[in-house]
Amino acid sequence: MKSSPEVQDAPVSSIPTSDEVRAMLPDEPRWKYILRKIDVPVQLGRLAILLLLWWLWWSDTIWDGWDALSIFGVQPFPNVAPTFRAAPGETWNFLREVLQEKLFWEDVLVTVKEALVGFLIAAILGVTAGLLLGRFNRLSKIFGPFIILFNAMPKIAFLPLILVIYGVGEMSKVVLIIMIGFFIVQVPTMSAVSLVDPDLEMVAETMGATTFQRFIKVTLPAILPSILGALRLAAIISIQGAVFGEIFAAKRGVGQRLITAANQLNYEQLFAYVFALAVISLILNGIIGAIERRALRWQSSSQSTASNAGVSL
Amino acid sequence: MQQPAVELSDVTLIFGGDDPTVEPVLATHDINLSIPAGQFVAVVGPSGCGKTTILNMLAGLLKPTKGTVKRHGNVVDGPSRDIGYMLARSALSPWRTARKNVEFGLEIRGVSKKERNERSSELLALLGLEEFAESYPSQLSQGMNQRVAIARTLAIDPDLWLMDEPFGALDAQTRLVVQSEFVRLWEGQEHKTVIFVTHDLEEAVLLADRVIVMTARPGRIKSDTMIDLPRPRNIDELRFDQTFKDAEHRIWEELRDEIVT
């Protein structure tokens with residue numbers, strides 16, 4: 001080095017206080033912030049879709065009006081005969097009526113009980129099997145092909161057999177739900193176990209953690225997001241399984257009410273029951289979602305949005 | 001004479017020996033190395049030369065194919081609780097706050113909550129992280145997370161620190177800050193044995209008492225140099241010191257041949 005470069009000091013301004021920083025920003029009224037937070041286009045879009053659906057139904061547009069539409073000789077929206085229609089007013093009236101009925105609530109209880117018992121057993125079995133198969137390579141090699149095979153079978157096809165074995169009571173629906181729900185929980189649990197960050201396992205191992213400690217302190221918290229996501233899906237499928245089983249053959253339950261109404265051409269009742277079932281599913285979904293948000297507070301907001309499929313109100 | 005803290009004799013490690021269809025890879029060959037307790041040793045070498053393999057053998061994660069790895073005269077067979085192992089990636093548990101991450105090793109040892117809390121507070125303060133104790137890794141910068149990882153490694157007060165490019169993922173300026181803090185921490189207490197793997201020769205010479213240069217694969221020891229720079233070291237000044245530069249230059253001559261192949 002012959003000569004060092006000449007360093008020229010630049011004038012450095014003093015750091016403004018946080019109040020001064022705030023004063024430098026454009027003065028934005030609070031309502032503008034609230035408006036942005038509400039995200040008006042999103043709310044308007046939702047409202048528009050709701051109104052459109054209501055209008056389609058109320059104006060009878062969903063029942064007729066597109067009979068002329070034909071694509072390669074196929075009519076995607078054929079007219080519906082007046083006998084098979086249901087008006088929103090009638091549906092609403094029936095729903096209000098049926099909510100007062102004690103028998104209706106007993107049927108709701110039957111359906112919810114089937115769904116919850118089936119869901120809980122499927123969740124316990126699915127998580128346990130997923131953990132074991134994910135953890136022990138040999139087990140997954142032994143059982144893997146059979147799990148793939150059973151998962152590939154349409155579980156609903158077993159329903160006639162299940163009814164013969166377990167009868168038309170609640171037990172048959174529980175068995176159907178377990179068969180469907182097990183795989184929904186087991187498959188993601190297993191893959192989550194094999195995807196646990198090996199660095200975390202290594203850190204635990206070098207610190208001398210026992211196998212049990214590694215399971216409790218690394219594996220379990222690491223796979224919790226996947227398990228909760230799978231449980232949320234399984235809960236909704238459980239309601240569907242219960243209703244489907246009841247439609248097929250049952251003594252009690254909302255599904256049984258639904259098929260009876262349909263057979264009697266009381267379509268406003270059918271719609272009312274579908275809405276009631278949707279509300280039950282949403283409640284179940286909401287409960288698991290709340291557990292999820294509590295248990296996964298550590299996730300950055302972008303991660304949790306992804307797991308909620310971007311739905312927020 | 002005192003037992004060396006770490007002793008490798010004729011250590012050879014071959015990967016892929018259990019699969020006849022795969023050509024076995026000779027990772028390290030005939031490594032002989034003895035490190036007295038309290039020495040800070042940096043290991044440099046081209047990538048893939050088996051630096052990490054040596055750390056893994058010392059940590060008890062890998063067994064040498066031939067030769068012996070000893071700690072304080074005892075052959076290493078499996079992980080031990082008095083080793084601190086630190087990686088380039090912070091490898092923090094994302095569901096734990098900074099404090100809970102620091103306490104991870106203490107939890108494994110069954111240390112009481114009160115004691116854990118005292119220890120983590122002390123370390124977080126030492127690394128300037130006390131106001132981020134309750135933050136999650138996703139809320140902290142990379143440099144902060146790496147400091148949390150240092151605190152986690154030191155929380156268990158290990159007598160052997162194994163560090164695998166611990167600052168390799170940090171940007172140049174953050175690295176300088178974290179390096180300074182690390183040296184200050186190490187110098188500020190009774191000296192522990194450190195084996196510090198890095199690809200950054202400047203870092204090796206700045207921090208270590210002794211720099212080992214390894215050959216390209218199969219990894220063998222090419223040179224072993226004592227760094228006679230006084231302690232405590234002020235590394236952001238030392239970088240411009242002529243003695244330091246000469247030492248770095250001398251070792252670079254050794255290392256260059258291995259890299260340019």
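Reply: Helices (H or I, at least four residues) and strands (E, at least two) are DSSP runs, numbered from the N terminus. Residues are numbered from 1 along each chain as its sequence is written, and chains are lettered from A and ligands numbered from 1 in the order in which they are written. The model is predicted: local features need pLDDT of at least 70, side-chain atom pairs count only at pLDDT 80 or more, and totals for chains, interfaces and linings use all residues.

Me: What radius of gyration does chain A have?
Reply: The radius is taken over C-alpha atoms, and the globule rule is 2.2 Å times the number of residues to the power 0.38. For 313 residues, a compact globule would come near 20 Å. The C-alpha trace of chain A spans about 100 × 60 × 50 Å along its principal axes. Its radius of gyration is 28 Å.

Me: How far apart are the C-alpha centres of domain 1 and domain 2 of chain A?
Reply: Domain bounds come from an automatic or database domain assignment. In chain A that assignment gives domain 1 (29-62) and domain 2 (88-304). Their C-alpha centres are separated by 32 Å.

Me: Which element gives the most to the side of chain B that touches chain A?
Reply: Two residues are in contact if their C-beta atoms, placed from the backbone, lie within 7 Å. By that test 20 residues of chain B meet 13 residues of chain A. Strand S6 (83-86) and helix H3 (104-108) of chain B each supply at least two residues of that side of chain B. The top contributor, with 4 residues, is H3(B).

Me: Which residue is the bridge partner of Val213(B) in S10(B)?
Reply: Strand S9 (residues 210-214) of chain B pairs with S10(B) in the antiparallel sense, over 5 bridges. Within S10(B), the partner of Val213(B) is Ser223(B).

Me: Where does Pro218(B) lie?
Reply: The peptide bond from Arg217(B) to Pro218(B) is cis, with omega near -5°. Pro218(B) sits in the loop between S9 and S10 of chain B.

Me: Is His72(B) buried or exposed, or partly exposed?
Reply: His72(B) lies in the loop between S4 and S5 of chain B. Its phi is near 50°, a positive value in a residue other than glycine. A residue is buried if 20 or more other C-beta atoms, placed from the backbone, lie within 10 Å of its own, exposed if 12 or fewer, and partly exposed in between. With 15 C-beta neighbours inside 10 Å, His72(B) is partly exposed.

Me: Is Ala91(B) buried or exposed?
Reply: Ala91(B) lies in the loop between S6 and helix H2 (98-102) of chain B. Its phi is positive, about 50°, although Ala91(B) is not a glycine. Because 21 other C-beta atoms lie within 10 Å, Ala91(B) is buried.

Technical notes: Two strands pair if DSSP finds at least two bridges between them.
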